[in-house]
Amino acid sequence: MDHPLVQTLAGLAARGECPDHQTARALAEVTDTAALAAIAADLRDRGFHNVVTYSRKVFIPLTHLCRDVCHYCTFAQVPRKLKAPYMTVDEVLEVARHGAAQGCKEALFTLGEKPELRYKAAREALAAMGFASTLDYLVHVAERVYRETGLLPHLNPGTLTPDELTRLRPVSPSMGIMLESLSDRLCAKGMPHHGSPDKVPAVRLQTLVDAGKARVPFTTGILIGIGETRLERIESLLAIRDVQAQYGHIQEIIVQNFRAKPDTKMAHAPEPDLDELLWTIAVARILFGADMSIQAPPNLSPGVLAQIVAAGINDWGGVSPLTPDFVNPEAPWPHLDELARETARAGKFLHERLTVYPKFVRALDTWVDRGLHDAVLTHSDAEGLARSDDWSPGAETAPPQALLDAIHAAPRRVSPDLAAILARAESGVDLDEADVVRLFAARGDDFSAVVQAADRLRRRMNGDTVSFVVNRNINYTNICYFKCQFCAFSKGKLSENLRGRPYDLSHEEIQRRTVEAWERGATEVCMQGGIHPEYTGETYVGILEAVKAAVPDMHIHAFSPLEVWQGAATSNLDLDTYLERLKAAGLGTLPGTAAEILDDEVRAIICPDKINTQQWLDVMAASHRTGFRTTATIMYGHVEQPVHWARHLLRVRDLQKKTGGFTEFVPLPFVHMEAPMYLKGKARKGPTFREAVLMHAVARLALHPHITNIQASWVKMGHAGLAACLDAGCNDLGGTLMNESISRAAGTTHGQETSPAEMRAMIEAAGRTPRQRTTLYQDTSEERIAAGLAAGAITEIVNTPARKYERKRDRDLLRPGLIAVSAAD
């Protein structure tokens with residue numbers, strides 16, 4: 001770093017600042033590529049950690065006709081050399097279907113610019129198909145691909161007007177155009193863009209501006225080695241940066257190196273050497289900072305991918321397992337397995353992304369047409385990258401073997417910032433929000449490091465004992481007047497088409513189930529239900545008294561914070577007084593359900609009329625003041641993002657530090673199959689397996705040493721998923737349940753009971769020691785253990801049909817998240 005400008009750039013980068021125009025232009029005179037690359041690589045690592053992305057795509061060359069005559073291009077052809085001017089719809093769909101079958105998520109449409117303005121053959125072909133222009137045909141075929149294959153179209157039709165961008169936006173979540181160069185000099189006679197009206201820099205730059213105004217996620221970049229100078233490259237990059245500063249829509253900067261091709265006017269032109277490519281990549285990263293994606297196509301630089309990574313890229317672009325690169329047909333795509341190996345040799349982890357980048361996936365309402373949201377959400381994980389497996393909570397799909405292997409694999413290279421966070425967590429230092437978000441971003445070796453750190457803490461705090469409780473779930477009604485968008489269990493006036501019919505259990509049926517549970521070895525009944533419009537605080541007292549009358553020694557773990565809030569309000573009592581009333585009636589502990597995501601930004605979407613974050617915390621605090629112990633839960637994998645997970649964990653931790661009242665933390669992955677918001681195309685299909693494992697591991701790290709029991713749900717994770725969680729910080733498997741109905745209503749297929757013998761077998765198969773516990777984590781008596789192991793088949797339940805209830809009421813329905821709804825509503 002001898003050059004004084006390099007020192008200046010290093011200082012700017014350290015402060016998170018980008019060089020101004022004058023400083024940037026001075027970069028043209030800096031020849032120390034290695035020094036620039038070192039700054040660029042550090043910036044890249046701050047923005048993207050150890051991850052390099054790619055898009056698994058299929059390449060669709062809709063037409064090779066083009067009105068431009070770029071001197072380096074072999075993509076554009078004249079009509080006499082083509083079998084047909086355009087691919088037919090059937091041809092396009094055949095390619096797209098093959099791509100979808102091979103796991104592609106992107107359909108990249110590349111085509112020449114407005115060929116109908118140059119070629120009669122193009123006009124006649126379009127007319128024969130019933131289209132007036134290439135753009136009309138593109139709109140039609142892109143929509144067909146999306147509707148019939150589920151692939152997300154990315155369109156590269158060249159320069160576009162505002163009206164054309166508006167027409168394309170509903171069929172494509174992202175588009176792009178290579179600026180190539182801002183140099184007008186390259187359009188002069190004898191230069192590569194002479195005779196190409198769409199390569200005039202001002203025209204192409206205007207398309208970037210108009211795309212920003214249209215809020216289209218856009219890709220762009222520069223082509224190097226076609227006669228431009230280093231200063232002209234910098235000017236081109238600065239022009240892009242200025243547009244990005246105004247509109248914020250540019251997804252990536254592509255640095256593409258010219259490759260000489262036979263039968264072109266530049267067939268014998270010199271190609272840029274490796275140093276030119278690395279210098280330009282590093283400069284692009286320095287100019288755009290840590291957060292912009294910088295891309296270099298891997299097929300154009302075989303054998304030097306590690307050096308390209310070291311220069312500051314974080315993305316390889318689209319890579320196809322099926323179709324060639326029609327723009328650079330002489331350069332085949334690397335096999336994805338080989339690309340992953342090459343990326344790993346460079347110390348990075350290869351992960352798939354979508355055609356629309358994570359920043360824009362996380363803000364779909366702003367950037368992507370509403371009609372495309374369903375497919376984008378289906379394909380994306382919580383960070384906005386592509387889902388890497390087909391696993392979903394509650395489904396029978398086996399966990400991905402690669403992730404199971406990663407749980408135990410020794411990490412070869414852990415990101416330094418992540419290693420520092422893990423060291424703080426293991427030493428008992430409270431993590432902050434940024435720390436927790438960073439842990440949730442762990443992939444590759446970083447993922448292995450996180451789960452193994454969590455498991456070390458589990459071993460230190462809990463040893464190799466894994467606990468469980470024999471209990472029975474009793475959900476006394478599925479009638480509920482709340483409108484939670486994730487819930488497939490509750491039934492209202494308009495939801496009898498969902499699973500099951502409305503019911504409201506009689507006290508006699510609750511007592512029968514309680515007695516049977518005791519006979520089968522249970523020490524606990526866990527009771528919750530919908531918020532029936534006719535329930536009051538006395539309803540819950542009556543349920544407690546019924547259970548205690550049937551089995552006095554049964555521990556009652558019951559009533560969500562929403563039920564407690566509603567019970568207190570309908571009794572005209574404050575929380576503390578009402579909780580004392582419940583205690584006197586026999587309540588033992590409370591479940592910390594109804595937490596969902598403790599962030600009102602998310603709750604406004606998924607449960608707007610439910611108790612808000614502070615109200616949930618208030619109920620829990622009041623419960624702890626009253627002498628109750630409670631659990632705490634999180635329901636994740638739907639519309640929220642990792643920052644919301646972090647806030648949730650820290651709010652639970654902060655309350656625990658004040659009260660010490662939480663016994664355990666229970667991650668509950670969203671089961672999507674029958675959930676209303678998923679069926680409406682407004683939610684992801686639950687967490688990925690990686691996210692589910694990380695939730696348990698990060699909970700262990702973020703809550704340490706304040707909450708020492710981390711539980712996994714067999715209903716949602718399945719038995720194979722439980723085994724993974726036991727190696728990622730978990731020490732408890734929750735209850736045997738006997739009658740699980742809420743998750744089954746949402747679509748889970750993992751059954752309604754795991755017997756004590758099955759629990760013990762699962763734990764022992766994981767190399768751990770099983771321990772049957774009580775609700776409060778005490779040892780269970782030998783008599784209860786024996787009763788559970790000797791239990792026969794459970795009696796088929798009969799739900800008491802709900803009687804009709806009046807729509808007109810003499811009191812308001814309480815919706816804590818909103819102003820009370822009047823009785824006339």
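Visitor: What do the buried residues of H5 pack against?
Guide: They pack against helix H6 (134–149), going by contact, which takes heavy atoms within 4.5 Å. Helices here are DSSP runs of H or I with at least four residues, strands are runs of E with at least two, and both are numbered from the N terminus. One caveat: this is a predicted model, where local features need pLDDT of at least 70 and side-chain atom pairs count only at pLDDT 80 or more, while totals for chains, interfaces and linings use all residues. Residues are numbered from 1 along each chain as its sequence is written, and side-chain values use heavy atoms, leaving out hydrogens and water.

Visitor: Which residues of helix H5 (residues 120–129) are buried?
Guide: Ala122, Ala125 and Leu126. What puts them on the same side of H5 is that they cover an arc of only 95 degrees around the axis, taken from the directions from the helix axis to the C-beta atoms. Lys120, Ala127 and Ala128 sit on the other side of H5 and are exposed.

Visitor: Why is Cys73 called partly exposed?
Guide: Buried means under 20% relative accessible area and exposed means over 50%, with partly exposed in between (1.4 Å probe, protein chains only). Cys73 has 28%, so partly exposed it is. You'll find Cys73 in the loop between S1 and helix H4 (89–101).

Visitor: What makes strand S9 (residues 349–353) largely enclosed?
Guide: Four of its five residues are buried, so the rest of the structure largely encloses S9.

Visitor: How do you know that S1 (residues 51–63) and S9 pair?
Guide: Pairing takes at least two bridges found by DSSP. These two have five, in the parallel sense, so they qualify. In S9, Arg353 is the bridge partner of Ser55.
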